[in-house]
Amino acid sequence: MVVRLRLQRFGCKNSPFYRMVAADARAPRDGKFLEIIGTYNPIASREGIKEIRLKADRIRYWISVGAQPSDRVAWVLGKFGILPPPPQRFSLKKMIPKVDRKKEE
């Protein structure tokens, strides 16, 4: 059984709230899970704070037994130092206009 660390979506339309769960990879996104390991609220409060609560010891346990984090969960765990940050998926060279790129070469 392959275990994934991923986000389950809750909340209303245009107001998402996520649970971070350890789930079987074959289970649907909002389906059966093994354990809740945190929560993530991407909507900022009045102070501009996005709320993230993690059970770091349980996350480390699931990773130690072979659970694979999804892309977004890996990004969150990298931000909080639980995992090394994932590599960037884009090239900084592409952010420069083509005309300027040719001048540099």
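Biologist: Where is the place of Asp-24?

Modeller: Asp-24 sits in strand β2, which spans residues 15–24. Helices (H or I, at least four residues) and strands (E, at least two) are DSSP runs, numbered from the N terminus. This is a predicted model, in which local features need pLDDT of at least 70, side-chain atom pairs count only at pLDDT 80 or more, and totals for chains, interfaces and linings use all residues. Residues are numbered from 1 along each chain as its sequence is written, and side-chain values use heavy atoms, with hydrogens and water left out.

Biologist: Is Asp-24 buried or exposed?

Modeller: Buried means under 20% relative accessible area, exposed over 50%, and partly exposed in between (1.4 Å probe, protein chains only). Asp-24 counts as buried because its relative accessibility is 16%.

Biologist: Which side chain makes a polar contact with the side chain of Asp-24?

Modeller: A polar contact is a pair of N or O atoms within 3.5 Å; within protein, one must be able to donate a hydrogen and the other to accept it, and residues adjacent in sequence count only if both atoms are side-chain atoms. Here the partner is the side chain of Arg-26, at 3.1 Å.

Biologist: What about Ala-22?

Modeller: Ala-22 is also placed in strand β2. Its relative accessible area is 0%, so Ala-22 is buried. Leaving out residues up to four places away in sequence, its contacts include Val-3, Leu-5, Phe-33, Ile-37 and Trp-62. Gln-8 is 14 residues from Ala-22 along the chain, and their C-alpha atoms are separated by 9.9 Å.

Biologist: Which residues of helix α2 are buried?

Modeller: Start with the geometry. An α-helix has 3.6 residues a turn, so residues three or four places apart point the same way. In α2 (residues 71–79), the buried residues are Val-73, Ala-74, Val-76, Leu-77 and Gly-78. They pack against β1 (3–12), β2, β4 (51–54), α1 (56–64) and β5 (68–69).

Biologist: How should I read a positive phi?

Modeller: Most residues other than glycine have a negative phi. Just after α2, Gly-81 takes a positive phi of about 75°. Asn-14 is a residue other than glycine, and its phi is positive too, near 65°. Asn-14 lies in the loop between β1 and β2. It is exposed, because its relative accessible area is 72%.

Biologist: Where is the place of Ile-49?

Modeller: Ile-49 is in the loop between β3 (35–41) and β4. At 53% relative accessible area, Ile-49 is exposed. Not counting residues up to four places away in sequence, Ile-49 touches Ile-43 and Ala-44. Leu-77 is 28 residues from Ile-49 in sequence and 17 Å away in space, C-alpha to C-alpha.

Biologist: Now the whole chain. What pattern does the chain follow along the sequence?

Modeller: The order is β-β-β-β-α-β-α-α. That gives three helices and five strands. Buried residues make up 28% of the 105 residues.

Biologist: What radius of gyration does the chain have?

Modeller: The radius is taken over C-alpha atoms, and the globule rule is 2.2 Å times the number of residues to the power 0.38. A compact globule of 105 residues would come near 13 Å, but this chain has 18 Å. Its C-alpha atoms fill a box of roughly 55 × 35 × 25 Å along the principal axes.

Technical notes: Contact = heavy atoms within 4.5 Å.
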